[in-house]
Amino acid sequence: MHKLILGLAGVCLLVALGLMISGNLPLAGPFLIAFFLAVAIGFRGFETLKGFSYTVMIFAAVTTALFYPTYFVSYNGFKFSTLITPLIQLIMFGMGTSMSLDDFVGVVKMPRGVLIGVVSHFIIMPTIGYTLASISGLPPEIAAGIILIGCSPNGMASNVISYLAKANLALSITITAISTMLAPFVTPLLMRTLAGAFVEIDTLAMMWDITKMVILPIGAGLLFNKFLSGKAKWLDDAMPYVSMFGITFIIVIITSAGRNSLLSIGPILLGLVLIHNLSGYFLGYWSGRLFRMSERDCRTIAIEVGMQNGGLASGIANQMGKMATVGLAPAIFGPLMNITGSILASWWHRRMPKEERDAPQEVVHGHRSL
């Protein structure tokens, strides 16, 4: 059945390409959307491709927004952009429900790794973002979006990717927790320093916006996890799906608002965002190597540095009133990092970390059983 659906996806793609070549671009829209939807469903039938299904669904949603933007801007005078902040708060609450105070105890257990990971994250990605924005030649507000995604904390996706890549999951969770909690202070200061020449930055307002979107919801989630976890199983089960829907809808809203800019500078911005993401993996890995960390820890830092919280960056752009410009780079970065992160995780998953490969066989098996 899934092979048949993928075959149908191929037919839809051929029809869409034919219509585009013949100049009937508007008619190609439904076939392109159907192509992505069919691919997402078809991937569910293959273990190696299953993890890409959600990302392909995002591409289907983005394609829908590009072809039919008016449906995602407003309805009967209600602007969908007003939903971005509540959705991010809901996502952050979900992040909090999956955390506990033990995640922060990791600082005591692995202080060196956490320090290297967090400092590398907030040095490497903002610096690369500023460099790319400076040489991009893009309009200042769109270029500022590249800096914004670089100045954002890690996202929860990095924890999943670390697990799949046979990295140090405990270290990954702790770095994500610490960088997220530091975001209300570090992100505005970095934006003021690096993006101030591109766009006006109100540091105090941004601090409060991030606190509203991150600290308060995560705090509520932590309390929920401590006192009510397991007592509302339906909510525990629903939160991952709510988060996935929220992120997708945010990307669709931003894509619709910035459609014209995306159509004109999309390929350039996509290339810059890809360089930003891949450079984060590369430099993050070698920052770990520089401090003689284990292979598993180096993998963790690579992933933690390269993967950002695109949803939060989108929310900040919306609070700045520049969703259609500053928000474009974060909207592209999110789906793209899921693709590159999944590929990197698959590569590393098939390659046992060097220290485990060189360890006595019984030690390796003992480690795996933990």
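The second largest pocket of this predicted model holds about 660 Å³ of space. A pocket here is an open set of points, on a 1 Å grid over the protein atoms alone, where a 1.4 Å probe fits and protein lies on both sides within 12 Å along at least five of seven lines; lining residues have an atom within 4 Å of a point. The volume is the space filled by probe spheres set on the points, which are joined across faces, edges and corners. Of the 22 lining residues, F59, V62, T63, L66 and L262 are the closest to the centre of the second largest pocket. Two or more lining residues come from each of α2 (25-43), α3 (53-67), α11 (233-257), α12 (259-290) and α15 (328-349), and α12 gives the largest share, six residues. Helices are DSSP runs (H or I, at least four residues) numbered from the N terminus. By class, the lining has 18 nonpolar, three polar and one charged residues.

Elsewhere, helix α8 (residues 157-164) packs with helix α9 (residues 169-195) at an angle of about 170 degrees, their axes 9 Å apart. Axes are lines fitted to C-alpha atoms over the stretch in contact, and angles run from 0 to 180 degrees between N-to-C directions. The angle therefore makes α8 roughly antiparallel to α9 (over 145 degrees). The contact (heavy atoms within 4.5 Å) joins S158, N159, S162 and Y163 of α8 to L169, S172, I173 and T176 of α9. This contact has three nonpolar, five polar and no charged residues.

Residues are numbered from 1 along each chain as its sequence is written. Local features need pLDDT of at least 70, side-chain atom pairs count only at pLDDT 80 or more, and totals for chains, interfaces and linings use all residues, while side-chain values use heavy atoms, with hydrogens and water left out.

Methods. Ala, Val, Leu, Ile, Met, Phe, Trp, Tyr, Cys and Pro count as nonpolar, Asp, Glu, Lys and Arg as charged, and the others, Gly among them, as polar. Angles under 35 degrees count as roughly parallel, over 145 as roughly antiparallel, 65 to 115 as roughly perpendicular and the rest as oblique.
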